[in-house]
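Please keep the structure open beside the text and find each element as it is named.

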Amino acid sequence: MLHVHFNGKRPERIRCAAEPDPMWEVLLSLHTLQLHHAGARHNQWRLRVRERMSGPMWRLAELAPPRGYSPDFLTPVCGPGGLEEGLNSLVSTPPAYVRRDLGILAMQQRLSAPVRSLARGEGRMLPQLADTVRRYFDLALAPEWEAIEGTLRQTLSRGVPEQPSPGRAAGVPWPLCSCARWRGSVLEVSYPLERHLHLEGRDLHLIPSFFCRRYPIAFQDPDLPPVLVYPVAECLDFPRGQQLNASRRKALEKLLGGTRAAVLQTIAANTYSTSELADRLGISPASASEHATVLRASGLTHSRRDRNAIRHELTELGSRLLLGDPE
């Protein structure tokens with residue numbers, strides 16, 4: 001869950017963008033491009049783009065792993081200048097920020113030689129990176145951009161509900177209010193990790209995205225502008241705290257077994273380490289590890305290293321199994 005803390009007496013404003021941000025769509029489309037289960041809606045797009053990707057574009061994809069951390073500096077906030085403004089901001093990124101972000105990425109995965117050169121600030125690496133981003137945009141997104149904007153406009157045309165249905169948050173666009181709620185002056189949003197974002201007088205910027213999947217995304221660095229990029233073109237995944245109906249739960253238990261089904265449902269509600277799964281379900285760490293291993297091998301979950309722990313996340317396939325999505 002992401003907890004966005006507003007000032008209780010003089011709350012900061014929520015600014016809702018009406019259009020996608022090109023730099024965020026570059027990053028998030030790279031995520032989709034690398035997923036094995038991106039959904040039928042993206043299959044033709046993935047095939048077209050993957051066939052035409054150049055070597056530099058695949059190295060760009062290395063900076064955008066489909067799960068886990070992606071460097072904040074790849075998505076500078078675009079103003080009216082759109083892609084050009086974003087590329088200029090990318091080129092102007094201070095070297096210290098590049099090193100910091102790539103240092104975080106290196107904790108998650110092994111970096112190739114070109115990425116290590118980028119971290120060291122060698123030559124004209126940032127201008128070359130910006131040129132690759134532009135070429136990728138021209139290949140992957142420019143032919144689709146009009147359709148992407150049209151899809152977002154159509155969905156957002158419902159506006160911002162003043163009095164939403166019970167349990168949904170007021171003041172945010174329709175696609176986001178289904179997974180957000182107010183708890184006093186704190187806006188709680190479905191998110192794969194427990195995080196707190198303190199606005200401290202800064203406005204919250206909400207940006208719609210065509211390629212964002214399952215959960216909204218925010219910068220990791222709390223000192224950057226408070227931005228929340230949220231999915232519009234597809235429903236958000238398994239809302240936190242949602243319970244399966246009795247018949248669906250029985251079918252899942254018959255398929256996976258009672259304990260393994262409980263492990264999968266627990267992972268759907270949040271991202272847990274193996275020891276946390278064991279504690280929450282009252283099973284031994286060895287049993288939790290065994291069930292997590294089988295779920296991962298079946299493609300229902302994904303595991304990633306977070307410092308000294310292995311954390312487990314639901315995959316698109318796992319989500320569809322839980323929700324009964326036929327896609």
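1. Strands here are DSSP runs of E with at least two residues, helices are DSSP runs of H or I with at least four residues, and both are numbered from the N terminus.

2. Before going further, note that this is a predicted model, in which local features need pLDDT of at least 70 and side-chain atom pairs count only at pLDDT 80 or more, while totals for chains, interfaces and linings use all residues. Residues are numbered from 1 along each chain as its sequence is written, and side-chain values use heavy atoms, with hydrogens and water left out.

3. Taken as a whole, the chain has a secondary structure of 14 helices and 11 strands. Of its 327 residues, 48% count as buried, where buried means under 20% relative accessible area, exposed means over 50%, and partly exposed lies in between (1.4 Å probe, protein chains only). The chain exposes about 16,100 Å², and carbon and sulfur atoms supply 50% of that area, computed by the Shrake-Rupley method with a 1.4 Å probe. Among contacts (heavy atoms within 4.5 Å) between residues at least 6 apart in sequence, 65% join residues at least 24 apart.

4. Strand 3 runs antiparallel to strand 4 (residues 186-189), and four bridges join them. Alanine 180 has valine 189 of strand 4 as its bridge partner, and arginine 181 stands opposite glutamate 188 of strand 4.

5. Another open sheet of four strands has the order 2-6-8-7, also with mixed pairing. Strand 2 (14-16) and strand 7 (217-218) stand at its edges with a single partner strand each, so one side of each has no neighbour in the sheet. Helix 1 (residues 22-34) packs on this sheet and touches strand 6, strand 7 and strand 8, its direction making about 55° with that of strand 6.

6. Strand 6 (residues 204-209) and strand 8 (residues 227-231) pair in the parallel sense over five bridges, with histidine 205 opposite valine 227 and serine 209 opposite proline 231. Strand 7 and strand 8, by contrast, pair in the antiparallel sense over two bridges, and here alanine 218 stands opposite leucine 228. Side chains in a regular strand alternate between the two faces of the sheet. In strand 8, Val227, Val229 and Pro231 point one way and Leu228 and Tyr230 the other way, and all are buried.

7. Which residues of helix 3 (residues 55-62) are buried? They are Met57, Leu60, Ala61 and Glu62, and these buried residues pack against helix 1, helix 5 (95-106), helix 6 (113-120) and helix 7 (125-141).

8. Helix 3 and helix 7 pack at an angle of about 105°, with their axes 9 Å apart. That makes helix 3 roughly perpendicular to helix 7, since angles of 65 to 115 degrees count as roughly perpendicular, under 35 as roughly parallel, over 145 as roughly antiparallel and the rest as oblique. The axes are lines fitted to C-alpha atoms, for helices over the stretch in contact, and angles run from 0 to 180 degrees between N-to-C directions. Pro56, Met57 and Leu60 of helix 3 make the contact with Leu129, Thr132, Val133, Arg135, Tyr136 and Leu139 of helix 7.

9. The axes of helix 6 and helix 7 come within 9 Å and cross at roughly 125°, which makes helix 6 oblique to helix 7. Here Pro114, Ser117 and Leu118 in helix 6 meet Met125, Leu126 and Leu129 in helix 7.

10. Finally, a search of the whole structure finds zero disulfides, a disulfide being a pair of cysteine sulfur atoms within 2.5 Å. Cysteine 16 counts as partly exposed because its relative accessibility is 33%, whereas cysteine 212 is buried, with a relative accessible area of 1%.

Methods
Two strands pair if DSSP finds at least two bridges between them.
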